[in-house]
Amino acid sequence: MSELANIPWRLILPLIVLQLILMAIALFDVFRHKKTNGPYVMWIFIIIFGNLLGPILYFVLGRRQA
């Protein structure tokens with residue numbers, strides 16, 4: 001447990017919050033539109049397991065333009 005005390009939480013916590021917010025918005029968008037570039041189930045896995053890069057990739061490459 002002493003290793004957790006040495007982690008700079010002030011630097012890591014904003015990244016974790018940003019990741020969770022991006023993931024929630026991207027998942028909401030996938031479930032709302034269902035029309036993506038590629039299978040939408042694949043994008044769900046990329047968003048969930050892609051950490052911070054997954055939602056960004058979805059918004060750049062995965063969304064189908066109207």
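In which helix does Asp29 lie? Asp29 lies in helix H2. The model described in this report is predicted.

## Helix H2

Helix H2 covers residues 9-33. Helix H2 is followed by Lys34, a residue whose phi is positive, near 60°.

The buried residues of H2 are Gln19, Leu22, Met23, Ala26, Leu27, Asp29 and Val30. The cover over these buried residues includes H3 and helix H4, the latter formed by residues 53-62. Ala24 is placed in helix H2, and its relative accessibility is 46%, so Ala24 counts as partly exposed.

In soluble globular proteins, nonpolar side chains tend to be buried together. In this model, the largest nonpolar core has eight residues: Met23, Ala26, Leu27, Val30, Trp43, Ile44, Ile47 and Tyr58. Both H2 and helix H3, which covers residues 40-49, supply at least two residues of this core. The greatest contribution comes from H2, which gives four residues.

Leaving aside residues up to four places away in sequence, Ile47 touches Met23, Ala26, Leu27, Val30, Gly54, Pro55 and Tyr58.

A nonpolar surface patch of about 910 Å² is made by Leu4, Trp9, Leu11, Ile12, Leu13, Ile16, Val17, Leu20, Ile21 and Ile25. Helix H2 provides the largest share of this patch, with nine residues.

One of the patch residues is Leu13, which is found in helix H2. Its relative accessibility is 47%, and Leu13 therefore counts as partly exposed.

How accessible is Asp29, buried or exposed? Asp29 has a relative accessibility of 5%; buried means under 20%, so this residue counts as buried. Apart from residues up to four places away in sequence, Asp29 touches Tyr58, Phe59 and Arg63.

Side chains of opposite charge can pair when their charged atoms come close. The count of salt bridges in this model comes to two. In one of them, Arg32 pairs with Asp29, and the closest N and O atoms are 3.3 Å apart. Arg32 and Asp29 both lie in helix H2 and are three residues apart, which is about one turn of the helix.

In the other salt bridge, the side chains of Asp29 and Arg63 meet at 3.1 Å, N to O. This pair links distant parts of the chain, since Asp29 is in helix H2 and Arg63 is in the segment after H4, 34 residues apart. Arg63 has a relative accessibility of 34% and therefore counts as partly exposed. Through salt bridges that share partners, Asp29, Arg32 and Arg63 are joined into one network.

Key. Residues numbered from 1 in each chain as written. Predicted model: local features only at pLDDT ≥ 70, side-chain atom pairs only at ≥ 80, totals over all residues. Heavy atoms only, no water. Patch = residues over 30% accessible without salt bridge, like charges linked within 9 Å, V, L, I, M, F, W, Y side chains within 5 Å. Areas by Shrake-Rupley, 256 points an atom, 1.4 Å probe, with all protein chains shown as cover. Salt bridge = Lys/Arg side-chain N within 4 Å of Asp/Glu carboxyl O. Buried < 20%, exposed > 50% of the residue type's maximum accessible area, 1.4 Å probe, protein only. Core = buried A, V, L, I, M, F, W, Y, C linked by side-chain atoms within 4.5 Å. Contact = heavy atoms within 4.5 Å.
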